[in-house]
Amino acid sequence: MTLRARRLLLISTVIWLLASLGLIFFGPVSLSGIETGLAERARAALIEREHDWAQVSVNGQVATLSGAAPNAPMRDDALYTVLRSTWSGGVVAGGITRVIDDTSDMRAERRFVFRADFNNGRVLIRGDASDATARDAIAQYANTNFPAGAQTDLTLIPGSASSAEWVDAAMRLLGQLARLDRGSIVLDAEQGGLIGDAANPQIAQSVAGALMVMPEPFESALVVTPAGAPASVRIETSAGCSAVLRAARGAGDMRFDGGGAAPNPFSEIVLRRVGRMFSLCPNELRLELTIDTSVGSEDLASQRAAAVQALLVQGGSDESRIDVLLASDQIRVIGFDVTGFENTGIEE
């Protein structure tokens with residue numbers, strides 16, 4: 001081959017490579033164009049399957065699915081829908097070859113909270129329910145298992161869907177609450193909490209044993225006090241401690257008597273109970289006490305904080321484990337937050 005022919009071949013090769021690269025990056029079948037097309041088809045497939053909660057992005061032939069999934073079956077169906085939205089065609093040509101699951105749990109994101117308070121034979125149930133079927137099942141179960149029946153006031157979460165595991169967890173907690181003389185339960189996202197009084201140590205131990213295993217992914221924490229005997233306690237995490245404190249503080253707001261520095265009589269009882277419950281939480285945890293300063297002076301807020309802290313200590317909490325904050329943007333006049341090794345406390 002002559003020198004001139006070799007030069008022409010080299011120039012032709014360079015031109016071909018440049019043209020190919022141009023088509024890949026800028027042409028109608030460029031990488032960005034392919035990714036856009038794959039993403040559009042995946043979104044259309046999700047809409048067709050009524051997964052309006054889901055978002056999808058594509059990098060090459062790998063898709064990432066995100067959004068708050070109402071439940072596990074819907075998340076799995078959305079992942080499958082994206083994977084099958086186009087013919088995969090392998091890694092050289094075709095559609096999506098892999099889907100990365102970056103979804104979250106809608107119940108956890110929306111603070112899916114359910115509580116029940118039992119006293120004088122009757123239970124009052126409030127909070128959130130996954131759907132009408134779950135709400136009706138819980139109401140029927142409570143009316144059957146509590147001596148004086150139930151009052152149920154549950155709100156359906158928009159966009160939520162039925163979860164057999166959530167219903168199972170709620171009913172397990174309710175079933176054990178019905179065995180007590182009085183008490184409260186809370187199911188906050190995936191963490192359950194139960195406190196109450198039992199007629200004897202055998203019932204207390206039986207209730208604790210029954211809640212050792214919860215349906216995945218739910219967990220439980222509890223404090224059950226039998227008459228004349230030490231309490232059965234199982235609080236292992238900060239989330240469990242938060243759930244127990246939430247059950248202890250009740251559904252009502254705590255107030256100060258006459259707008260002064262002293263909590264009213266009902267709040268005094270609740271604060272001593274909260275103090276006792278926190279004293280049973282792991283020693284690594286701390287209780288962050290927040291007092292609202294939006295009403296009255298900062299001096300009044302400081303007096304209120306001292307009064308509340310004193311009642312928590314009377315209940316059994318170690319003063320050195322209580323941090324006091326004054327803030328003006330509080331939802332409640334008195335707020336609690338559990339902090340510590342997991343940093344998963346729940347603001348009340």
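**Entry 1: Asp323 and Arg286**

I began with the side chains of Asp323 and Arg286, which meet in a salt bridge at 2.7 Å, N to O. Asp323 sits in strand S12 and Arg286 in strand S11, so this pair ties together parts 37 residues apart in sequence. Asp323 is partly exposed, at 27% relative accessible area. Arg286 is partly exposed too, at 30%. I note here that the model is predicted.

**Entry 2: the sheet around that pair**

Next I traced the sheet that holds S11 and S12. It is an open sheet of three strands, in the order S12-S11-S13, with mixed pairing. Strand S12 (322-327) and strand S13 (334-339) are the edge strands, and each pairs on one side only. From one strand to the next, the twist averages 25 degrees.

I then checked the sense of the S11 and S12 pairing. Strand S11 covers residues 286-292 and runs parallel to S12, over six bridges. Which residue of S12 is the bridge partner of Leu289? I found Val324.

Helix H8 (residues 238-249) lies across S11 and S13. Against S13, H8 runs at about 160 degrees.

**Entry 3: helix H10**

I moved to helix H10, residues 298-315. H10 has 18 residues and spans 26 Å from its first C-alpha to its last, close to the 26 Å expected at 1.5 Å a residue. I listed its buried residues: Leu300, Ala301, Arg304, Ala305, Val308, Gln309, Leu311, Leu312 and Gly315. What covers them? The cover includes H9, S11, S12 and S13. The three strands named there are those of the sheet in the previous entry. Just after H10, I noted Gly316, with a positive phi of about 130 degrees.

**Entry 4**

Arg272 forms a salt bridge with Glu268, and their closest N and O atoms are 3.9 Å apart. Arg272 and Glu268 are four residues apart in helix H9 (residues 265-279), so about one helical turn separates them. Arg272 is partly exposed, at 33% relative accessibility. Glu268 is also partly exposed, at 27%.

**Entry 5: the seven-stranded sheet**

I turned to another sheet. Seven strands form an open sheet in the order S6-S5-S4-S7-S8-S9-S10, with mixed pairing. Strand S6 (150-156) and strand S10 (232-234) stand at the edges with a single partner strand each, so one side of each has no neighbour in the sheet. The twist averages 5 degrees from one strand to the next.

In this sheet I followed strand S4 (residues 113-119) and strand S7 (residues 182-188). They pair in the antiparallel sense over six bridges. Asp117 has Ser184 as its bridge partner in S7.

Helix H7 (residues 201-210) lies across strand S8 (191-198), strand S9 (219-226) and S10. Its direction is at about 180 degrees to S9.

**Entry 6: Asp117 again**

Is Asp117 buried or exposed? Asp117 counts as buried, at 16% relative accessibility. The cut-off I used for buried is under 20%. Arg126 is partly exposed, at 28%.

**Entry 7: salt bridges overall**

I searched the whole structure and counted 11 salt bridges. Arg75, Asp76 and Asp101 are linked in a network of them.

**Entry 8: helix H6**

Helix H6 takes residues 164-177. Its 14 residues reach 20 Å from first C-alpha to last, close to the 20 Å expected at 1.5 Å a residue. How many of the 14 residues are buried? I counted 10, so H6 is largely enclosed by the rest of the structure. Among the buried ones are Trp166, Met171, Leu173, Leu174 and Gln176.

**Entry 9: the whole chain**

Last, I took the totals. The protein chain has 10 helices and 13 strands. Of its 348 residues, 45% count as buried. Its accessible surface comes to about 17400 Å², and 54% of that belongs to carbon and sulfur atoms. Among contacts with a separation of 6 or more, 67% join residues 24 or more positions apart.

How values were computed. Residues are numbered from 1 along each chain as its sequence is written. This is a predicted model: local features need pLDDT of at least 70, side-chain atom pairs count only at pLDDT 80 or more; totals for chains, interfaces and linings use all residues. Side-chain values use heavy atoms; hydrogens and water are left out. Two strands pair if DSSP finds at least two bridges between them. Helices (H or I, at least four residues) and strands (E, at least two) are DSSP runs, numbered from the N terminus. Axes are lines fitted to C-alpha atoms, for helices over the stretch in contact, and angles run from 0 to 180 degrees between N-to-C directions. Contact means heavy atoms within 4.5 Å. Buried means under 20% relative accessible area, exposed over 50%, partly exposed in between (1.4 Å probe, protein chains only). The expected span of a helix is 1.5 Å times one less than its number of residues. Accessible areas come from the Shrake-Rupley method with a 1.4 Å probe; for residues, only the protein chains shown count as cover.
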